[in-house]
Amino acid sequence: MTEFLFSTAFSIWGLDTSWLEFIAVLLAFAMILCNIVELHWGWPLAAISSVLYFFLFWTQRLYGDALLQVFFAVLAMWGWSVWLRGMDGEPLPITRMPPRQRVTLAWMGTLLWLATGGVLLNFTDTDVPWWDAFPTAFSLVGQYLLAHKRLENWAVWIIVNIVAAGLFAWKALWLTTLLYLVFIALSAVGWRTWASRIKADPA
């Protein structure tokens, strides 16, 4: 099974794309579409995709992004339960973040980026410690906001996806790069879609 996943599915511009990357891309694409329309099945798709991406990123020495996938798989199960449970027996509403929470999460994301980058720089052989650390740190922020259906999660994902697309292009993961470019556009669609459904935040 492992041999099949790492075998070549097809080539893009003379560069091979493995079945592992291809399947992970399809699942991730389906996941974000589910998120946009608030379909809870996006969460288990995210968990499976994360497991596949863990192996892909580890072989590319993207250790921060690889370990991030472990957190993603766990958070996906948690996010799935939050969306299924709802709030007081009702579906979880889309809300905006209070201004103070925006500042707090921005600082937390920055500190997590610096800490992750420092660990990758000093304890791994990655050649892109800070570049790898940025999407690792702020993806956790985006995932937290997505689980709570905060509108601002889409803004975080746009920034993360821009940085990640550049990182994956550097590593010649062309199909994943293309996926993240699509993610940027879909995140903008997600923002507009959720904004049209938003409810006033009691906070």
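**Salt bridges in the predicted model**

Glu 152 counts as buried, at 10% relative accessibility. The model is predicted, and by the distance rule applied to it the count comes to four salt bridges. Side chains of opposite charge can pair when their charged atoms come close.

**Glu 152 and Arg 102**
- Glu 152 forms a salt bridge with Arg 102, and their closest N and O atoms are 3.0 Å apart.
- Because Glu 152 lies in the loop between H6 and H7 while Arg 102 belongs to helix H5 (residues 99-123), the pair ties together parts that are 50 residues apart in sequence.
- Arg 102, with a relative accessible area of 39%, is partly exposed.

**Asp 127 and Lys 171**
- A salt bridge joins Asp 127 to Lys 171, with the closest N and O atoms 2.8 Å apart.
- Asp 127 is in the loop between H5 and H6 and Lys 171 is in the loop between H7 and helix H8 (174-195), so this pair links parts that are 44 residues apart in sequence.
- Asp 127 is partly exposed at 40% relative accessibility, whereas Lys 171 is buried with a relative accessible area of 13%.

- Lys 149 and Glu 38 form a salt bridge whose closest N and O atoms are 2.8 Å apart.
- Since Lys 149 lies in the loop between helix H6 (129-147) and helix H7 (153-170), and Glu 38 in the loop between helix H2 (19-36) and helix H3 (42-59), the pair ties together parts that are 111 residues apart in sequence.
- Lys 149 is buried, at a relative accessible area of 6%, and Glu 38 is partly exposed, at 24% relative accessibility.
- Glu 38, Lys 149 and Arg 197 are linked in a network of salt bridges.

Technical notes
Residues are numbered from 1 along each chain as its sequence is written. This is a predicted model: local features need pLDDT of at least 70, side-chain atom pairs count only at pLDDT 80 or more; totals for chains, interfaces and linings use all residues. Side-chain values use heavy atoms; hydrogens and water are left out. A salt bridge is a side-chain nitrogen of Lys or Arg within 4 Å of a carboxyl oxygen of Asp or Glu. Helices (H or I, at least four residues) and strands (E, at least two) are DSSP runs, numbered from the N terminus. Buried means under 20% relative accessible area, exposed over 50%, partly exposed in between (1.4 Å probe, protein chains only).
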